[in-house]
Amino acid sequence: METILTITNLNKIFNKRVHAVKNVSFEIKKGNVYGILGPNGSGKSTTLGIVLNVVNKTSGDYQWFNGSLPTHEALKKVGAIIERPNFYPYMTAEENLKLVCKIKGIPYSKVFEKLELVGLLERKDSKFRTFSLGMKQRLAIASALLNDPEILILDEPTNGLDPQGIRQIRDLIKLIASQGTTILLASHLLDEVEKVCSHVVVLRYGETLYHGAVDGMLSNEGFFELKSDNIVLLKERLQKHTAVKDIKIEEDKVFVYLKDHLEADELNQYLFENGIILQHLVKRKNSLEEQFLQLTKTN
Ligand code: ADP
Ligand code: MG
């Protein structure tokens, strides 16, 4: 699968104090819908800002389209809405989008195509100021899609909308994705990511707690929470176990995510036979929600 964006060990420290993004790495492949999920202040917008070249990174790297183009050229193939849409209030939807076409050298025919896609063709002659928040957001999406970008980036796309508006935006995102556009969205809403995304990166305080398929997170295999004096050896032994998918260390706890079924007593025995004495062993079932709450718990 074609790679759209590769982020490697990205860091952002604001004012030498706030470590907003910590060693974040993930890859975006063509055709998927990615969510960056995390509570407010976890570094989602900063991460998006960096890859869109509006925030300077402190260290690490990102690469668009395998580095085949310089960043400013690559960004012409990226459609992004990271702030509240900015249109002329007294101009109509059509006029606003035509203006964007003129600035970017896009044929006007795209205006009608994209207005139709977002369900605003009938309102093309209405002034922007008469639009509801949800319609304004849909117009912003139409505008970001005018040049048929490879990827659409949205930051908290449903913030402030009423339930109907939220539903419309989520359906629209799914429709756009179904037509082959890759999507990256940031959200603090678990159910949004669960409903819309195929892949997720979970951030807390700028750190990646999970990245992978949403389905993987939803898998019924569950995960273990372990404690031991020798975390280094524990990690090494766990990595050798075939049922283990992923290991995350947080403070003194080790979280073990599974790809195959494994009972607590089997794991305990395996570790014991491999020289590890556990001080703590809990198996948890993970709905995405439980896991998200678990992962992002602040204490
Ligand atoms: P999110 O989008 O997940 O809510 P942000 O990326 O906006 O999180 O913020 C991450 C952290 O970086 C927060 O602690 C925030 O206060 C801080 N931060 C964001 N932008 C700036 C800035 N321009 N100057 C200083 N600190 C910032
Ligand atoms: Mg944000």
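Strand E5 (78-81), helix H3 (93-104) and helix H5 each put at least two residues into the lining of the largest pocket of this predicted model. Helices here are DSSP runs of H or I with at least four residues and strands are runs of E with at least two, numbered from the N terminus. E5 gives the most to that lining, with four residues. The pocket has a volume of about 630 Å³, a volume being the space filled by probe spheres set on grid points that are joined across faces, edges and corners. The lining comes to 19 residues, and Ala80, Ile81, Lys104, Ser143 and Ala144 lie nearest the centre. By type, the lining splits into eleven nonpolar, four polar and four charged residues.

A word on bookkeeping: residues are numbered from 1 along each chain as its sequence is written, while chains are lettered from A and ligands numbered from 1 in the order in which they are written. As the model is predicted, local features need pLDDT of at least 70 and side-chain atom pairs count only at pLDDT 80 or more, whereas totals for chains, interfaces and linings use all residues; side-chain values use heavy atoms, with hydrogens and water left out.

Zooming out, the chain holds eleven helices and 13 strands, and its C-alpha atoms fill a box of roughly 70 × 40 × 35 Å along the principal axes. Of its 299 residues, 49% are buried, where buried means under 20% relative accessible area, exposed means over 50%, and partly exposed is in between (1.4 Å probe, protein chains only). Contact means heavy atoms within 4.5 Å, and of the contacts with a separation of 6 or more, 67% link residues 24 or more positions apart. The domain assignment, which is automatic or taken from a database, gives domain 1 (3-217) and domain 2 (223-297). The C-alpha centres of these two domains sit 35 Å apart.

Next comes the packing. A nonpolar core is a set of buried Ala, Val, Leu, Ile, Met, Phe, Trp, Tyr and Cys residues joined through side-chain atoms within 4.5 Å. The largest such core has 45 residues, and those with the most contacts inside it are Leu97, Leu139, Ile141, Leu152, Leu154, Ile176 and Ile183. Helix H5 (residues 133-145) supplies the largest share of this core, with seven residues. A second, separate core of 27 residues includes Ile4, Leu10, Phe65 and Ala186. Back with Ile176, its partners beyond four places in sequence are Leu117, Ile141, Leu145, Leu152, Thr181 and Ile183.

Helix H1 (residues 44-51) is largely enclosed by the rest of the structure, because seven of its eight residues are buried. Those seven are Lys44, Thr46, Thr47, Leu48, Gly49, Ile50 and Val51. Just after H1, Asn53 takes a positive phi of about 65 degrees. Lys44 turns up again as a partner of Glu156, which also touches Asn40, Ala186, Ser187 and His188 once residues up to four places away in sequence are set aside. Glu156 sits in the loop between strand E6 (151-155) and helix H6 (163-178) and is buried, at 12% relative accessible area. In H6 itself lies Gly165, buried at 6% relative accessibility. The C-alpha atoms of Gly165 and Gly134 are 5.0 Å apart, although 31 residues separate them along the chain.

Leu262, in the loop between strand E12 (253-258) and helix H10 (264-273), is buried at 3% relative accessible area. Beyond four places in sequence, Leu262 contacts Phe224, His241, Ala243, Leu267 and Lys283. Thr242, in the loop between helix H9 (231-239) and strand E11 (244-250), is exposed at 64%.

How values were computed:
On a 1 Å grid over the protein atoms alone, a cavity is a set of points where a 1.4 Å probe fits but cannot get out, and a pocket is an open set with protein on both sides within 12 Å along at least five of seven lines; lining residues have an atom within 4 Å of a point. Ala, Val, Leu, Ile, Met, Phe, Trp, Tyr, Cys and Pro count as nonpolar, Asp, Glu, Lys and Arg as charged, and the others, Gly among them, as polar.
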